[in-house]
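Keep the 3D view open as you read.

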Amino acid sequence: MATLLLVFMPEQDLPSPELPLRMMGLTAAEARLAAQVGRGVTPEEASRQLGITVGTARYVLKVVFGKLGVSRQSRLALLTARLAAMSGRIAPGCPAPPPSRLRPGARRVAASPSSCDHRMSAGRGKTGNVSEGRDGAGRVHGPGGRAVSAALEQQAATPRYPAMALVGSAAALFAAAGVPADKARVMAEVLVESDLMGHITHGLGLLPKYMDDVVAGVMTLEGEPAVLSDRGACLTWDGRGLPGGWLTMKALDIAMERVKTHGTVSIAIGNSHHIGCLAVYPAKAAARGLLCILHSSAPGTASVAPFGARQGVLAPDPMAAGFPTGGTPVVLDISASITTNNMSLRLIREGKRFPHQWLLDAEGNPSDDPNVVFQGGAIQPAGGLDHGQKGYGWALLTEALTQGLPGHGRADGARNMMAGVFLQVIDPEAFAGLSAFERQTGHTAAACRAAAPRPGIGRVRLPGEKGLAHRDDALEQGVPLAPGIMEGLRPLAERHGVALPEPLPA
């Protein structure tokens with residue numbers, strides 16, 4: 001394991017991430033272009049912004065790729081994000097490492113995660129938040145040079161596994177428990193895809209719970225969903241408790257096929273098992289030039305208080321969406337609550353509290369103690385005490401789409417990890433056309449990236465940008481699994497005689 005230290009030289013009149021790119025051997029012109037393209041701007045748009053021809057931009061970009069040891073724009077985006085995050089937290093007086101030590105292909109070099117997507121919700125975030133002048137270990141940094149945190153060293157040492165090997169082992173575990181091979185494979189792919197995108201709370205860490213539900217008979221294994229209504233552009237299923245990942249991926253595939261005819265297709269699914277990470281599905285549609293909107297709710301969960309109440313009635317009620325921009329697609333995954341039951345349980349296990357008073361105790365007083373959720377308290381809706389009517393209204397809409405449309409939900413006494421689902425796919429070609437769509441979304445995306453960041457923020461990113469870059473990195477260098485995930489799989493693997501993959505060499 002190597003620890004990476006850079007020099008931050010405030011006297012240099014170069015904005016982050018151009019300065020660290022210069023330190024890696026790029027010329028000023030190359031660094032400017034690399035910084036633009038690393039933010040997801042297309043070479044054509046970058047050439048206009050920099051006042052050069054497209055041909056020159058593409059030629060310089062090839063030179064940049066060669067110097068940095070990357071082969072595509074997503075890898076450049078990952079590298080520039082890491083460098084931008086580091087540039088404000090580097091110890092002064094430290095020598096700059098050679099460029100080869102900074103290349104994404106060089107394994108086990110500590111790299112700083114920038115402020116994470118949080119799945120666009122404070123409670124659904126991942127580790128590594130370095131905004132507000134803090135590093136991943138929670139240490140406060142002042143202006144000037146900064147030290148790379150111990151948390152980043154731990155990240156660099158995290159074992160990585162081949163993605164396809166993880167899918168194979170997960171599918172084998174499901175199959176050994178009696179799940180038909182076709183369903184087992186899709187279930188495994190959905191879980192590993194979540195880990196690929198960095199959404200560790202909804203990846204392979206869920207597999208033991210899914211296996212428990214298989215054994216307990218909570219999850220239905222055989223057969224197809226029952227068709228309640230089919231009007232071509234509108235389809236409604238009773239999911240019959242079938243695997244949620246398999247059901248939702250099946251619905252997405254059907255919608256992406258039918259949308260060629262209908263322009264927009266909506267599918268409602270009641271009585272589904274848990275569907276995993278919502279971002280997985282819209283990302284697939286966006287990669288095909290389609291817009292996808294996905295809502296999910298847990299009718300058996302009542303942990304989120306309506307705005308003005310102190311009693312939990314609703315679920316976190318997440319929604320996700322994805323759409324193309326001509327460059328990096330937008331993929332958002334957000335919740336109607338400030339945080340979730342899972343995050344509360346995680347903090348309880350770690351002996352920690354929430355950073356803010358996102359909860360209500362049994363008397364309705366705001367609290368940061370995760371235990372209150374399970375002691376008669378509740379989670380506040382998104383917007384909290386000041387503007388919680390927004391999350392409250394959103395939750396009601398999500399539950400209307402996911403329970404009202406399929407006709408199955410709270411009124412039926414739903415159980416355990418059962419879910420309601422609403423999925424909609426829209427083809428921009430059926431409207432003004434994909435080119436016109438991407439012209440607008442690409443323009444707005446570029447404007448957001450170009451917006452001046454707040455103090456402590458390296459740069460403004462699009463929702464999902466970090467997850468997609470993480471996915472590219474994990475596919476190339478292996479999937480990093482959080483501590484405890486592989487340990488949770490080993491007893492199941494031993495019981496069913498399934499081999500788990502070995503970590504990739506450091």
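Start with strand 8 (residues 359-360), which pairs with strand 10 in the antiparallel sense over two bridges. Strands here are DSSP runs of E with at least two residues, helices are runs of H or I with at least four residues, and both are numbered from the N terminus. Two strands pair if DSSP finds at least two bridges between them. Across the pair, Leu360 has Ala378 in strand 10 as its bridge partner.

A word on the source: this is a predicted model, in which local features need pLDDT of at least 70, side-chain atom pairs count only at pLDDT 80 or more, and totals for chains, interfaces and linings use all residues. Residues are numbered from 1 along each chain as its sequence is written, and side-chain values use heavy atoms, with hydrogens and water left out.

Next, turn to strand 6 (residues 319-323). Strand 6 pairs with strand 7 in the antiparallel sense over five bridges. Met319 stands opposite Ile334 in strand 7. The hairpin of these two strands has six residues between them, and Gly326 takes a positive phi near 90° there.

How well covered is strand 7 (residues 330-334)? Five of its five residues are buried, meaning under 20% relative accessible area; exposed is over 50%, and partly exposed lies in between (1.4 Å probe, protein chains only). Both faces are covered: Val330, Leu332 and Ile334 are buried on one side, Val331 and Asp333 on the other.

Two loop residues deserve a look. Asp317 sits in the loop between strand 5 (291-297) and strand 6. Asp317 is not a glycine, yet has a positive phi of about 50°. With 0% relative accessibility, Asp317 counts as buried. Arg240 also has a positive phi, of about 55°, although it is not a glycine. Arg240 lies in the loop between strand 3 (234-238) and helix 10 (244-262). Its 33% relative accessibility makes Arg240 partly exposed.

Finish at helix 12 (residues 341-350), which holds Ile348. At 30% relative accessibility, Ile348 counts as partly exposed.
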